[in-house]
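Student: I'd like to go through this model and check each label against the cut-off behind it. Can we start with a helix?

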Amino acid sequence: MMKSILDSIFILALLIFSTSHILSCRESNKAEKFKDDTSTERSKAGQIYHLTEVEGMEHLDEIKQSVLTPEDWRTRANAIQSHILKATDLDPLPDKCPLNPIYGAIRKYDGYRVQNVAFESLPGVYVTGSLYSPLKPTKKPAGILSPHGHWPNRENYGRYRPDVQNRCASMARMGAVVFSYDMVGYGQLAEFGWVHESPQTMKLQIWNSIRSVDFLISIGVDPKRIASTGASGGGTQTFHLAAVDSRISVSVPVVMVSYRHFGGCICELGMGIQEDGVFKYNNAEIAACLAPNPLLLVSVGTDATEYTPQVEFPFEQYIYGLFGKAEMVENAHFPDEQHGYESSKRAAVYPFLAKHLNLDLSMVMNTDGTLKEDGIVIEEIEALYPFDQQHPFPKEGISANKDVVWDWKSNL
Ligand SMILES: [Zn+2]
């Protein structure tokens with residue numbers, strides 16, 4: 001009897017020592033890895049792995065061991081949300097100014113229409129984009145935000161890429177009102193002086209996304225049916241927004257949710273969302289913050305989402321399973337495809353959106369699963385700009401990142 005008690009005490013002491021030793025070593029290693037890009041393992045697409053496989057798996061296991069009920073997850077999701085808002089200096093959220101939208105001319109195409117729009121997310125700070133709508137919208141249509149990723153070259157640029165225009169037009173044909181908007185420092189505002197790489201880009205992008213939800217609601221979309229979907233950096237924006245704004249009810253981040261890679265840009269890593277000296281949260285758990293609302297992870301075998309079927313997807317299923325809603329998270333994995341939002345990925349996304357937003361899938365897909373994208377017009381970059389001679393950039397418009405005033409009410 002005494003021997004078994006002594007054995008138990010010895011084993012317990014060993015466990016406590018080894019766990020604390022592993023944790024302290026790992027935390028210091030993780031903090032170092034965020035600062036030292038050169039020593040880090042990379043995905044086949046060249047993306048940095050910020051954690052080793054062992055570190056990443058141990059972190060997911062720790063979450064599973066400490067999150068055993070829906071309430072446990074809500075507590076952790078609230079902590080993640082609070083951390084993101086604090087880290088990005090959005091706690092408290094800024095005051096909301098009137099959106100004051102500026103609308104361009106409507107172009108009508110086969111089954112959808114496009115209208116450029118700009119609105120103020122803060123006084124003088126314009127969010128620029130294009131609104132894709134059905135030709136005959138229902139009274140309260142579903143709304144979809146379409147943030148884009150880092151494709152900075154003019155010939156293959158941001159929201160102007162054919163894959164973005166194709167999906168926005170298709171989602172409008174399905175019955176949704178879709179807002180496709182520029183990242184900070186992209187599109188027409190780049191020509192006025194805005195840049196992407198700025199210390200507060202992450203803060204402004206999250207804020208612009210929150211205000212884009214306000215914009216969709218202001219034009220009459222159903223506030224209970226709002227989704228976001230984008231690829232790469234657009235995937236990052238999708239799960240950042242879904243984590244901090246409960247109005248997002250469906251989330252489809254494409255080729256971006258990884259337990260080991262957290263992005264490569266200042267708008268993904270620049271304000272300490274995943275770490276603040278020590279590693280805190282990975283993107284798989286940030287993406288799960290909207291549980292048990294519908295989440296589709298689209299992944300490929302050639303970038304940092306290569307492990308999704310074996311790692312991130314089962315992790316999300318575990319979290320959703322706590323709510324008895326494991327079926328609300330899905331994974332579409334393409335082992336041989338590249339980082340992007342090409343037609344095969346769109347063919348996986350549309351049925352998911354149709355199912356959860358009550359959209360008409362028959363408008364965009366044949367019964368054999370092939371896409372119906374005939375008649376979609378890929379517009380030139382300038383055709384999607386909101387400001388022109390009839391709709392000039394307002395005199396009070398801000399044309400440089402440094403001139404943004406967050407606490408604008410105190411200046412009144
Ligand atoms: Zn960026």
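Student: Which residues in α4 are buried?

Tutor: Keep in mind that this is a predicted model. In α4, the buried residues are Val164, Gln165, Arg167, Cys168, Ala169, Ser170, Met171, Ala172 and Arg173.

Student: What makes α4 largely enclosed by the rest of the structure?

Tutor: It's a count: nine of the 12 residues of α4 are buried, so the rest of the structure largely encloses the helix. The cover over those buried residues includes β2 (112–122), β3 (125–134), β4 (143–147), β5 (177–181) and α11 (343–357). The helix lies across β2, β3, β4 and β5, and runs at about 55 degrees to β3.

Student: How do you know that the span of helix α4 agrees with its number of residues?

Tutor: Take residues 162–173, which make 12 residues, at 1.5 Å a residue. Just after α4, glycine 175 has a positive phi, about 120 degrees.

Student: On to the strands. In what order do the nine strands of the open sheet come?

Tutor: The order is β1-β2-β3-β5-β4-β6-β7-β8-β9, with mixed pairing.

Student: Why do β1 and β9 stand at the edges?

Tutor: β1 (102–109) and β9 (329–334) each have a single partner strand, so one side of each has no neighbour in the sheet. On average, neighbouring strands are turned by 20 degrees against each other, ignoring direction.

Student: What makes β7 mostly covered?

Tutor: Five of its five residues are buried. Val250, Val252 and Val254 point one way from β7, while Ser251 and Pro253 point the other way. Helix α7 (residues 233–244) packs on the sheet and touches β4, β6 (226–231) and β7. The direction of α7 makes about 150 degrees with that of β6.

Student: Which residues have the most contacts inside the largest nonpolar core?

Tutor: Tyr132, Met171, Ala176, Val178 and Leu353, in a core of 100 residues. Helix α6 (residues 201–218) gives the most to this core, eight residues. As for tyrosine 132, its contacts beyond four places in sequence are Tyr112, Val114, Cys168, Ala169, Met171, Ala172, Val178 and Ser180.

Student: Why is glutamate 268 called buried?

Tutor: The cut-off is 20 or more other C-beta atoms within 10 Å. Glutamate 268 has 24 such neighbours, so it counts as buried. This residue is in helix α8 (residues 266–269). Not counting residues up to four places away, glutamate 268 touches Gly233, Thr236, Phe262 and Gly263. The C-alpha atoms of glutamate 268 and threonine 236 are separated by 7.0 Å, though the two are 32 residues apart along the chain.

Student: Then why is lysine 325 called partly exposed?

Tutor: Buried needs 20 or more and exposed needs 12 or fewer. Lysine 325 has 16 other C-beta atoms within 10 Å, so it is partly exposed. Lysine 325 is in the loop between α10 (312–322) and β9. Beyond four places in sequence, lysine 325 is in contact with Pro292 and Tyr320. Its C-alpha atom is separated by 8.6 Å from that of alanine 291, 34 residues apart along the chain.

Student: Last one: how do you know that the radius of gyration agrees with a compact globule?

Tutor: With 412 residues, such a globule would have a value near 22 Å, and the protein chain has 22 Å, so they agree. The C-alpha atoms fill a box of roughly 90 × 55 × 40 Å along the principal axes. Buried residues make up 46% of the chain.

How values were computed
Residues are numbered from 1 along each chain as its sequence is written. This is a predicted model: local features need pLDDT of at least 70, side-chain atom pairs count only at pLDDT 80 or more; totals for chains, interfaces and linings use all residues. Helices (H or I, at least four residues) and strands (E, at least two) are DSSP runs, numbered from the N terminus. The expected span of a helix is 1.5 Å times one less than its number of residues. Two residues are in contact if their C-beta atoms, placed from the backbone, lie within 7 Å. Two strands pair if DSSP finds at least two bridges between them. Axes are lines fitted to C-alpha atoms, for helices over the stretch in contact, and angles run from 0 to 180 degrees between N-to-C directions. A nonpolar core is a set of buried Ala, Val, Leu, Ile, Met, Phe, Trp, Tyr and Cys residues joined through C-beta atoms within 7 Å. The radius of gyration is taken over C-alpha atoms; the globule rule is 2.2 Å times the number of residues to the power 0.38.
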